[in-house]
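We'll start with a few single residues and then step back to the whole chain.

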Amino acid sequence: MPDTTGAAGLTVGQVAARLDVTVRALHHWDEIGLARPSLRTAGGYRLYTAADLERLHRVVVYREIGLGLDRIRAVLDDPATDVPAALRAQRAQVTARVERLQRLGTGLDRMIDAHERGVLLSVEQQSEIFGPAWDPEGPTKARARYGDTTQWRQYAERAATRSPEEWQAVTDATTALDGDLASAMDAGVAPGTPEADALVERHRAVFAAYFPLTREMQVVLARTYESDPGFAAHYDGIRPGLAAWFRRAVDASARAHGVDPDAATWR
């Protein structure tokens, strides 16, 4: 590089500004003997020559590619150091880091999409996994209604990393639970019995695929199953009266765990 330092050299502050490093870093490199200024003023201030600046440029470059200070010293000063080999090894590390950052970027893209779309599946995949009655616009409608809630954020974080096979497993678990709820009701299982309570606990576990469900939240959700026309049609379509039976089972289980169903809120 051309000598633009002038006969008097550059001060620490001037070098820091030119190389976009901190004065503290320059002082540290001076103290450990990695890059020392060759000149001093009569007042004892450090001054860097053109040769000093050239060495500092190399230190900065090597540091930016990830070499440690001891390794930089060896590359600059140790004649026994195989510089190309050292740089190739660092190049391999940089490549691995770039690949990791690219994976992180892809993950962030999926997270953004999940927050905006809910389900990262094609319409065809949704129909195949969730069944022909599935409304592909359902997640969009849900985001419009619940997008500012903690539960939507939790749902999106799970959806961002979920594969079609994992969605299929969630669907299968839900379908199996619905069938077992209907069978329990058909068999005359009463809310509050151990068998009914086990199904209520299983519902919370299955629902955790979307977001954690507290007992109070489960009470509110079960009431929604009974009162909301869409949910009620689903459960009563499996067995007439199933939505009401499940709500009573959830209420009984909640009481057994110290939760008053009449006072339960979404929390």
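## Glu216 and the end of the chain

Let's begin with a polar contact, meaning a pair of N or O atoms within 3.5 Å; within protein, one must be able to donate a hydrogen and the other to accept it, and residues adjacent in sequence count only if both atoms are side-chain atoms. The side chain of Glu216 comes to 3.2 Å from the backbone nitrogen of Thr265. You'll find Glu216 in helix α11, which covers residues 215-227. Helices here are DSSP runs of H or I with at least four residues, strands are runs of E with at least two, and both are numbered from the N terminus.

Is Glu216 buried or exposed? Its relative accessibility is 18%, so it counts as buried. The cut-offs are simple: buried is under 20% relative accessible area, exposed is over 50%, and partly exposed is in between (1.4 Å probe, protein chains only). Setting aside residues up to four places away in sequence, Glu216 touches Val259, Ala263, Ala264, Thr265 and Arg267, where contact means heavy atoms within 4.5 Å. Take Arg267: it is 51 residues from Glu216 in sequence, but their C-alpha atoms are 6.5 Å apart in space.

## A note on the model

Keep in mind that this is a predicted model: local features need pLDDT of at least 70, side-chain atom pairs count only at pLDDT 80 or more, and totals for chains, interfaces and linings use all residues. Residues are numbered from 1 along each chain as its sequence is written, and side-chain values use heavy atoms, with hydrogens and water left out.

## Two buried aspartates

Now hop over to Asp178 in helix α9 (residues 164-186). This one is buried, with a relative accessible area of 7%. Which residues does Asp178 contact, leaving aside neighbours within four places in sequence? They are His234, Tyr235, Ile238 and Leu242. With His234 there is also a side-chain to side-chain polar contact of 3.1 Å. Tyr235 sits 57 residues from Asp178 along the chain, and their C-alpha atoms are separated by 7.9 Å.

Asp251 belongs to helix α13, residues 242-256. At 6% relative accessibility, Asp251 is buried as well. Beyond its neighbours within four places in sequence, Asp251 contacts Val219 and Pro261.

Asp20 counts as exposed, at 70% relative accessibility. Its phi is near 60 degrees, a positive value in a residue other than glycine.

Ala50 is part of helix α3, which runs over residues 50-64. With 19% relative accessible area, Ala50 is buried.

## The whole chain

Time to zoom out. The protein chain has 13 helices and two strands. Its radius of gyration is 33 Å, well over the 18 Å that the globule rule gives for 267 residues, so the chain is more spread out than a compact globule. The radius is taken over C-alpha atoms, and the rule is 2.2 Å times the number of residues to the power 0.38. Along its principal axes, the C-alpha trace spans about 95 × 40 × 35 Å.

Of the 267 residues, 35% are buried. Among contacts with a separation of 6 or more, 60% come from residues 24 or more positions apart. The accessible surface comes to about 15200 Å², and 55% of it belongs to carbon and sulfur atoms; areas come from the Shrake-Rupley method with a 1.4 Å probe, and for residues only the protein chains shown count as cover.
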